[in-house]
Amino acid sequence: STTFYENHTKIHSSSSSSSSLRMIGMARRIGLLLKRAWKQNSRDTFVNGVRLMSCVGLAKVYSAVLGGGAEGMSAAALPGKISLITFGVISMAQLSLIKTLDLFSRERETVQRERARGQYSALEYVFSKVITELPIDACYSALYAFVLHNGCDFHTTRRKFMGLYALIALVSSSLGLAIGASLPSGESALVAGPTLMVIYMVLGVLNPSGQPQKINKTKYTTSTLSSLSSGKQHQEEEDKQQQQQNYSGSSETCPRVLLPLKMCSPIKWSIESLLCSEFRGLEFTRDFRSAPQMGAIALVGSGDQALKALGLSHQTTEKCIKAMMTLLVSHIAVAIGALAMRRQRHVTLDDDDASSVNSIYFTLNNNSNNYNTDDATTTSKNVTRTSDKTTSWLHRLFKSNLKQKTR
């Protein structure tokens, strides 16, 4: 019993020591990747300056064009605020996505070569990118929100406004990681990423004027006509319900085939979270001369009525934040899985096979060095035949060695 206890203790201590060594090695590799990513971002001073000017410039232009002319607590400011929030979300999402796709495409060859050598895993690489790249994108988006909040009169607090814009940058950057890891080349990722974001934009943007739906044609009987002609109140209620359905802007106006894409749209959840945070519980000052003249928000008197007219009566900011966090985690998981599946693998040769390959290549080098201009045709034919035989032999050798390794 004493011997069994000692053996069990040794096995447990060895397993714990090996797991601790693996954790130390993983932490060391992640630290090296973080250091390299930080150096790369600190050296791109020109790119960082351009991004800084772009965020500040966009915020200034949007606030000057769409943010002026009406007070923030009046109904006349509704179209401007909806446009400000929509354009801001689209701009920050596209900038974060394209930046991540460009960075991933530039590092693709290096990452594939290093991962083929077994220097680090897909989890370690994606984790280092999540720590370094995503917070930087969130800071730029928060800077845009800070400048926009100062230039316009928003009901949402500045901290919450900046946090929601930072979250859309995080989700968009993680989407760029997922697309870049899933597609075979950086060029295809740069083409597919903005295209997918445009689809998300079309499915996620709210239309303040509403979209009419098809009205079902029904046959009216005599009893139905008598009940409808009994009073005007019933007809007015039906008109209000039909108008509410026409201006709902929710999933009823979206084809069922595109509903999964709409639920995965970060644009949708970002716009809805900002609108709910801005209009929920807000009372407008009525001025019919400056009120909106058309659309679902033409005759609203409060923020809750505006949300109801836009089809967001049951939507909350907390639900939208949870949906965006789910998308963030899902994008990171897809990036790790896709990158792990695309790892390049090489066949390890034995000593005898390696010596045979080296001798054959040495012979080819001697043949190419002994190349003379007099017998150019004969030597080229011999070298071509030898190289073809060598290629076929190497192919058979690699195939047999791979089968043995698999067994």
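1. Basis. This is a predicted model: local features need pLDDT of at least 70, side-chain atom pairs count only at pLDDT 80 or more, and totals for chains, interfaces and linings use all residues. Residues are numbered from 1 along each chain as its sequence is written, and side-chain values use heavy atoms, with hydrogens and water left out.

2. Salt bridges. The count is 11. A salt bridge here is a side-chain nitrogen of Lys or Arg within 4 Å of a carboxyl oxygen of Asp or Glu.

3. Arg51 and Asp137. They form a salt bridge, with the closest N and O atoms 3.0 Å apart. Arg51 sits in helix 2 (residues 45-66) and Asp137 in helix 4 (residues 122-151), so the pair ties together parts 86 residues apart in sequence. Helices are DSSP runs (H or I, at least four residues), numbered from the N terminus.

4. Glu278 and Lys81. Their side chains meet in a salt bridge (2.7 Å, N to O). The pair links helix 10 (residues 266-279), which holds Glu278, to helix 3, which holds Lys81. Glu278 is buried at 0% relative accessible area. Buried means under 20% relative accessible area (1.4 Å probe, protein chains only).

5. Network. Arg51, Lys99, Glu107, Lys129, Glu133 and Asp137 are linked by salt bridges. Within this group, Glu107 and Lys129 come to 2.9 Å between their closest N and O atoms.

6. Thr100. This residue lies in helix 3 (residues 78-116). Leaving aside neighbours within four places in sequence, Thr100 contacts (heavy atoms within 4.5 Å) Asp137, Ser173, Gly176 and Leu177.

Key:
Helices (H or I, at least four residues) and strands (E, at least two) are DSSP runs, numbered from the N terminus. Buried means under 20% relative accessible area, exposed over 50%, partly exposed in between (1.4 Å probe, protein chains only).
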